[in-house]
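Take a look at the model below. We will walk through it step by step.

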Amino acid sequence: MYQYDQYDQKMVDTRVEEFRDQVKRRLAGDLTEDQFKPLRLMNGLYLQLHAYMLRVAVPYGTMSGKQMRMLGHIARKYDRDYGHFTTRQNIQYNWIKLEDAPDILADLASVEMHAIQTSGNCIRNISSDQFAGATADEIADPRPWAELLRQWSSFHPEFSYLPRKFKFAVIASDTDRAAMRLHDIGIQLVLNEAGELGAKFFVGGGMGRTPMIAPEIRNFVPADELISYAEACLRVYNRYGRRDNKYKARIKILVHELGKDEYTRQVEEEFAHMNQLGLNPPVEELARITQYFQDPPFDKQASDDLNLSDPDFALWVDQNIAKHKQPGYAIATISLKPRGGIPGDASSAQIDLMADLAEQYSFDELRVTHSQNIVLPHVRKSDLYALWQTLDEAGLAPANLDLITDSIACPGLDYCSLANARSIPLAQKISERFADLGRQRELGELKLKISGCINACGHHHAGHIGILGVDRKGTENYQLLLGGSGAEDASLAKITGPGFTEDGVIDAIETVTDLYLEQREDGERFIDTYRRVGMARFKEAIYG
Amino acid sequence: MVDAIRLRDDDVHEEPAVSLDSFLDQANATAVRIEAGEDARQLLPFLDRLSLIEIDFPVFGDGRGYSAAQILRESGYTGELRASGDVLLDQLAYMRRCGFDAFAPDSPINFELMQQAFSRYDHVYQATSDQRGPIWRLRHG
Ligand code: HEM
Ligand code: SF4
């Protein structure tokens, strides 16, 4: 894992002092709320329906046990004893007091964490593959590249007042677990013919009210030109992205309006200029960072044997364990989607427990996933049973990874001032309706994603099944969408037709899943059947 | 409008800044003001004769002026680069990093707090036109 040196530490410590001053000036009335707003946003502090919300960055979703435990401490001391893991691998607290915010940031800084640029119209936390460094299907660990970008983008003076927020994802596998192409810039690490590692750039993806899948604009950017190429992409956007209309301000609109080819041409022209300016760190810097992401000291003798005689454990292994690159080890996902629970929420006690388990069983490492779960990336297979037993006692062992109850839901009307409808209670009801694990497993991989309004924080466009809350004559109403995907087969979901009541939309989900069971051919997932059979057939089943 | 803050030692340029359009029409103007949406690159052929370029910030959240300033400095402009308009204390340090060396804010700025903002961060992560050495250079010499 990356560790701060004296410079990194000084940067976050200074930020804490700076923000403490700004809060003091705000509380003294020297700053208006309008002037204070962009400053607090750049430190992750939003004003919500009932209180301030603080979003803490978990760079590329990776943490140590100590860092995780600090997140539990913050939940206990400053919030209502829980935190909410987000779709961009961060954590949010919903009940924060402005006066406490500087102390929270100081606590975070003491474990090399921060909330810098987790909101505002700037470059946000860089997300990545939660299986990075553990999976066999990657060509390299993408996180050193993400860390290089994290440092470059932190306090970037030219790109802190962009037209709109800006999100990067970096992956290094053909299997996309990070919704890479739904980011403003998605980077996939690739090898060129000479066997050198470089970055393939996808620009202009996003969700929101105008969802788009990012097109590829460059198939290879060498490591020592990464920063100047990213600068060129951002500069064209900063200069020409729309500022007249907040809903058309994301880079996806610029790329769409200019056309991918024209945008690319402008970037290449800017890049030809910027690449001469000495903006790129030397390759030694990437090498220095990469040192921190070496494999942990795996036991080369570790056995692949697993005793599956406990049927509940066997189910969990089958559903929540992924293949590790090292024989004798496994990647374990802890589902934060218990029956009837709030997707992504964890209590401080659960957070502490996960921190302990990471130290005990996973070389002191945890990951947050974009589907709001937690991963222990390096668990010895012989430890899995003990791990599972502990998780199970703490309500952390739902065996539902990637199944219908492993849903994503935005905060919705329970917390969010922009919401049309509640998302969390709907997710809870769906989780109850489909609680039978046998039934869920029969339905197989099914990505269900719920947003309480068109801003799409719950990724409904990328759901195999998506749900969108709309306001219909003052009552909450839900539209059903089918056919989206945020993975390597990225696609945008389409609305089936008129919306439903809360119970009505759950019935409609049952109708479409029943149709899938009836229509599926060998080995087809829900999404495959949908793509083969087509929307018309599903519509007919729903609306008759 | 309050007095401009200058971080330069040379004499204040007396000629008033004209709009980009009229600058492009005149053969000998030496001071120009560009609006947020205007293309700073149009000035590149004339940098030698320019002594003052003023870049306007209609609202502090409109960040186009930061790129305009960088482009001018990257192209070798050494005259006064002045940020005008909705220029607030908390943005000054970033403006300076992008090459601004004068400020004409709509409302006055506390000089002491400004000095504090400039000296607050010992280090920077990026190379920009202010020529401060980024952290990666300190790490690798
Ligand atoms: C509760 C307060 C929240 C508010 C007011 C809010 C507001 C918004 C708005 C306005 C957008 C659209 C931005 C745009 O398209 O330019 C957006 C997008 C998004 N939000 Fe939220 N959000 C909230 C919470 C969350 C949470 C808790 C998560 C994560 C679980 C989240 C994740 C996202 C994501 C992933 C997007 C889509 C980004 C994209 O368009 O590429 N938001 N949010
Ligand atoms: S999707 Fe809408 S309702 Fe849900 S959190 Fe985002 S802005 Fe709020």
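What follows covers the ligand site, the cavities and the cysteines.

This is a predicted model. Start at ligand 1. Its shell holds 20 residues. The closest are A:Gln92, A:Lys165, A:Met207, A:Arg250 and A:Cys457. By class, the shell has nine polar, six nonpolar and five charged residues.

Now turn to the ligand's oxygen atoms. A side-chain N or O atom of A:Arg250 lies 2.9 Å from an oxygen atom of ligand 1. The backbone takes part too. A:Met207 places a backbone N or O atom 3.0 Å from an oxygen atom of the ligand. For A:Gly208, a polar backbone atom is 3.4 Å from an oxygen atom of ligand 1.

Rolling a water-sized probe over the atoms shows where empty space remains. The structure has eight cavities of 30 Å³ or more.

Last, the cysteines. A disulfide is a covalent bond between two cysteine sulfur atoms. How many disulfides are there over all chains? The count is zero. Take A:Cys122, which is in no disulfide. Its nearest cysteine sulfur belongs to B:Cys98 and is 14 Å away, whereas the cut-off for a disulfide is 2.5 Å. A:Cys122 counts as buried because its relative accessibility is 0%.

Note on methods
Residues numbered from 1 in each chain as written. Chains lettered and ligands numbered in written order. Predicted model: local features only at pLDDT ≥ 70, side-chain atom pairs only at ≥ 80, totals over all residues. Heavy atoms only, no water. Near = heavy atom within 4 Å. Polar contact = N/O pair within 3.5 Å; in protein donor to acceptor, adjacent residues only side chain to side chain. Nonpolar A, V, L, I, M, F, W, Y, C, P; charged D, E, K, R; others polar. 1 Å grid on protein atoms, 1.4 Å probe; cavity = no way out; pocket = protein on both sides within 12 Å on 5 of 7 lines; lining within 4 Å. Points joined across faces, edges and corners; volume = space filled by probe spheres on them. Buried < 20%, exposed > 50% of the residue type's maximum accessible area, 1.4 Å probe, protein only.
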